[in-house]
Amino acid sequence: MTLRVLIAGGGIAGLTAALACVKAGFNVQVFERADALSEIGAGIQIGPNAARVMNAVGVGDALAKVSSVPDYQEMRLGQINQNIFRSKLGTYATQKYGAPYYLVHRADFIDVLGDVLNAKAPDALKLGKSVTGYENTANGVKLGFADGSYVAGDVLIGADGIHSTLREAMFGPEKPRFTGNVVWRAMLPATSELKRLIPNSMCIWVGPEKHCVTYWLRDGKTLNFVGAVERDGWTQESWVEPGPKQDFVADFGGWCEPISAVVDAAKDCTRWALFDRDPMPEWTDGNAALIGDACHPMLPFLAQGAAMGIEDAWVIVQSLARAGGNIPAALLRYKEMRHPRTSKVQNAARARMHSNHERSLLGQLKTYAPMWWTSRISPSRFDARYDWLYKTDVVAESVANFGEA
Ligand SMILES: Cc1cc2nc3c(=O)[nH]c(=O)nc-3n(C[C@H](O)[C@H](O)[C@H](O)COP(=O)(O)OP(=O)(O)OC[C@H]3O[C@@H](n4cnc5c(N)ncnc54)[C@H](O)[C@@H]3O)c2cc1C
């Protein structure tokens, strides 16, 4: 019998899971509360570990067409524009990791996922359906909606993001934690001045209690800026708001020429509060399970939140494909396989905040001098520092762990 999979949430994790279901031959439906698939106006980095899954679910070529591949990853001192390290990405990373390191506009990425899903399974995506809760039943699972309707399936995948309704339905109310960081986001059209000042790299500019990241998107026509600043408390009710320009200037306007030029040129900027959670002990309940930010929201400082959701999406579907009639066991197996890695990434992203925000000159010397030195003396050893993230191949590991489907 064809497995009937219900997915709550049409974000990056939910759509990837839907594509993996189509590939596995499941009957899949994705319920998204918005009336159209959409994403915020910002860039996203898709590391090789996630790009590999994109190839496996059949969107590799379409994603490549809308993505940029940076030549380097680099780090600079944001106040004085002093280079700390520059390591190769581009074709070097593609060869080393077996998949590219992509930079893409979020809207383009979501469009690609949605278009490929609509082409392969034209009826799978149900828009304007706000999930309110679920129930395990004798034959599977029942998913309820705000309009009073419900749908039955064999298995439910909750991919409804950091403020997940399904997480709350499973484990009770518990708000995510404010991490003490807010981020500025801005997208700017290319100008000759910005082209001269901002490198074609994924560039991290670090400084006391703040850092920012710049990279080019859409064939170098658009610059993406994200700047994180430590804040004691967050008093706004909303977790995202239009940011007053004078606050943006106060946070980054005094930095080196490239960054102050970005701040000057930015017309619209938004300010976000960053939330995360400690690793959660459980992700499943009977025939229902969570993936992505619904179960492991993290600080974005390793650029791996979406990548972890993408890996989850592949693994949960592979485990279901070998369920042999026992769906709860398959979901538990998925959680056992994913939990150590996502917890490690959640914790590493938090640790990265401290190393990106060194306050004192001594702290900066202790953290950045070894990076400066190792990247020059032993570049290949230095480049290997993220192998644990980027070399992980959940496509191959699923076969090794679960056997052939
Ligand atoms: C500043 C910043 C930069 C980042 N940069 C990166 C990066 O470079 N690389 C990276 O890998 N990650 C990055 N991340 C993390 C990444 O954005 C998230 O991890 C990722 O978007 C989570 O995807 P998701 O599908 O799990 O959840 P979401 O993207 O939140 O999607 C959830 C979906 O569910 C829908 N939904 C919610 N509730 C309901 C409901 N009740 N019923 C129906 N539908 C519902 C929502 O409308 C939405 O479409 C960044 C995050 C931030 C804040």
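In what order do the three strands of the open sheet sit, and is the pairing parallel or antiparallel? The order is 8-9-10, and the pairing is antiparallel. Strands here are DSSP runs of E, at least two residues, and helices are runs of H or I, at least four, numbered from the N terminus; two strands pair if DSSP finds at least two bridges between them.

Quick housekeeping. This is a predicted model, so local features need pLDDT of at least 70 and side-chain atom pairs count only at pLDDT 80 or more, while totals for chains, interfaces and linings use all residues. Residues are numbered from 1 along each chain as its sequence is written.

Four bridges join strand 9, residues 141-145, to strand 10, and glycine 144 has tyrosine 150 in strand 10 as its bridge partner.

Now helix 9, residues 257-265. Its buried residues are Ile259, Val262 and Val263; buried means 20 or more other C-beta atoms within 10 Å of the residue's own, exposed means 12 or fewer, partly exposed is in between, and C-beta atoms are placed from the backbone. Down the helix axis, those buried residues fall within an arc of 95 degrees, so they line one face of helix 9; the arc is that of the directions from the axis to the C-beta atoms. Over on the other side, Glu257 and Asp264 are exposed.

Last one: helix 12, residues 361-377. Helix 12 is hardly covered, with one buried residue among its 17.

Terms used. The expected span of a helix is 1.5 Å times one less than its number of residues.
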